[in-house]
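Thanks for coming. I was asked to walk through one model for those who have not seen it before, so please look at the sequence and the structure first.

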Amino acid sequence: MELIEIAQLVTGIATLIVASVLIWQMFIQKKTLDIAHNDADANVSLMAMDTRARTNEWFAENCSPEMIDKFDKGLNSLSKKEFMIIESYFRSTMRVLGTEWRLGRLTDFKPYYKNTFFAELRFDHKLFREYWLDNWYKTMNLSDTYTGLAELGKEAYEESSGEKIGDSNE
């Protein structure tokens with residue numbers, strides 16, 4: 001073997017070693033990124049739960065027995081202050097839900113979002129369904145980001161009210 005052949009062999013071996021080290025580093029980096037992603041998702045989940053808990057506590061403190069009696073009567077039965085309480089509660093809950101949707105949190109598990117319409121947004125009551133339909137449904141459909149969430153809300157609305165919502169383009 002001549003010197004040039006030995007040099008080429010050594011260069012080839014060195015290239016293979018460097019390539020192997022780089023591949024190994026990529027695997028380590030992928031694991032690190034997966035851990036960071038899981039930590040971020042856990043953090044978003046905890047923040048969403050905390051915000052919802054505080055919003056629900058605030059709502060419970062601000063609801064009078066008279067206001068609760070109006071839940072099945074509709075929006076027209078509310079005083080201005082009661083309307084503001086519903087509006088604030090709804091806005092806060094929808095912001096959290098919309099942010100989770102936009103960030104892709106559990107978007108492959110549709111029951112999570114649909115259940116939020118039933119349980120958190122109280123779609124079992126006429127007042128909450130009316131507020132959502134009048135103030136959120138069409139707005140959500142204006143953005144491609146939220147049309148899937150709007151569709152889940154529509155399904156929850158229709159199941160809880162027994163009424164069909166017309167096409168969002170109406």
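This is a predicted model: local features need pLDDT of at least 70, side-chain atom pairs count only at pLDDT 80 or more; totals for chains, interfaces and linings use all residues.

Residues are numbered from 1 along each chain as its sequence is written, and side-chain values use heavy atoms, with hydrogens and water left out.

Let me begin with helix α6. Helices here are DSSP runs of H or I with at least four residues, strands are runs of E with at least two, and both are numbered from the N terminus. Helix α6 has 15 residues and spans 20 Å from its first C-alpha to its last. That is close to the 21 Å expected at 1.5 Å a residue, where the expected span is 1.5 Å times one less than the number of residues.

Which residues of α6 are buried? They are Leu-149, Ala-150, Leu-152, Gly-153, Lys-154, Ala-156, Tyr-157, Glu-158 and Ser-161. Buried means under 20% relative accessible area, exposed means over 50%, and partly exposed is in between, using a 1.4 Å probe and protein chains only. The cover over the buried residues of α6 includes α3, α4 and α5, with contact taken as heavy atoms within 4.5 Å. After α6 comes Gly-162, with a positive phi near 80°.

Tyr-157 takes us to the aromatic rings. The structure holds 14 aromatic pairs. Rings of Phe, Tyr and Trp (its six-membered ring) pair if their centres lie within 6.5 Å; planes under 30 degrees apart count as stacked, over 60 as edge-to-face, and the rest as tilted. One of these pairs is Phe-123 with Tyr-157: the ring centres are 6.5 Å apart and the planes stand at 90°, so the pair is edge-to-face. This pair links distant parts of the chain, as Phe-123 is in the loop between α4 and α5 and Tyr-157 is in helix α6, 34 residues apart. Phe-123 is buried, at 0% relative accessible area, and Tyr-157 is buried too, at 6%. Both belong to one aromatic cluster, together with Phe-117, Trp-132 and Tyr-137.

Next, the salt bridges. How many does the structure hold? There are 10, a salt bridge being a side-chain nitrogen of Lys or Arg within 4 Å of a carboxyl oxygen of Asp or Glu.

One of them also involves helix α6. Lys-114 pairs with Glu-159, and their closest N and O atoms are 2.5 Å apart. Lys-114 lies in helix α4 (residues 110–119) and Glu-159 in helix α6 (residues 147–161), so this bridge ties together parts that are 45 residues apart in sequence. Are the two partners buried or exposed? Lys-114 is buried, at 17%, whereas Glu-159 is exposed, at 52%.

Two other bridges sit within single helices. An α-helix has 3.6 residues a turn, so residues three or four places apart point the same way. In helix α3 (residues 80–102), Glu-87 and Arg-91 are four residues apart, about one turn, and their side chains meet at 3.6 Å, N to O. Glu-87 is partly exposed at 23%, and Arg-91 is partly exposed at 31%. In helix α5 (residues 126–140), Lys-126 and Glu-130 are likewise four residues apart, about one helical turn. The closest N and O atoms of this bridge are 3.8 Å apart. Glu-130 is partly exposed, with 24%, as is Lys-126, with 36%. Separately, salt bridges that share partners join Arg-52, Glu-100 and Arg-105 into one network.

Now the backbone angles in two loops. Leu-106, in the loop between α3 and α4, has a positive phi near 60°, and Leu-106 is a residue other than glycine. Leu-106 is partly exposed, at 32%. Arg-122, in the loop between α4 and α5, also has a positive phi, near 55°. Arg-122 is partly exposed, at 21%.

Last, helix α1 (residues 3–62) contains Trp-24, which is exposed at 54%.
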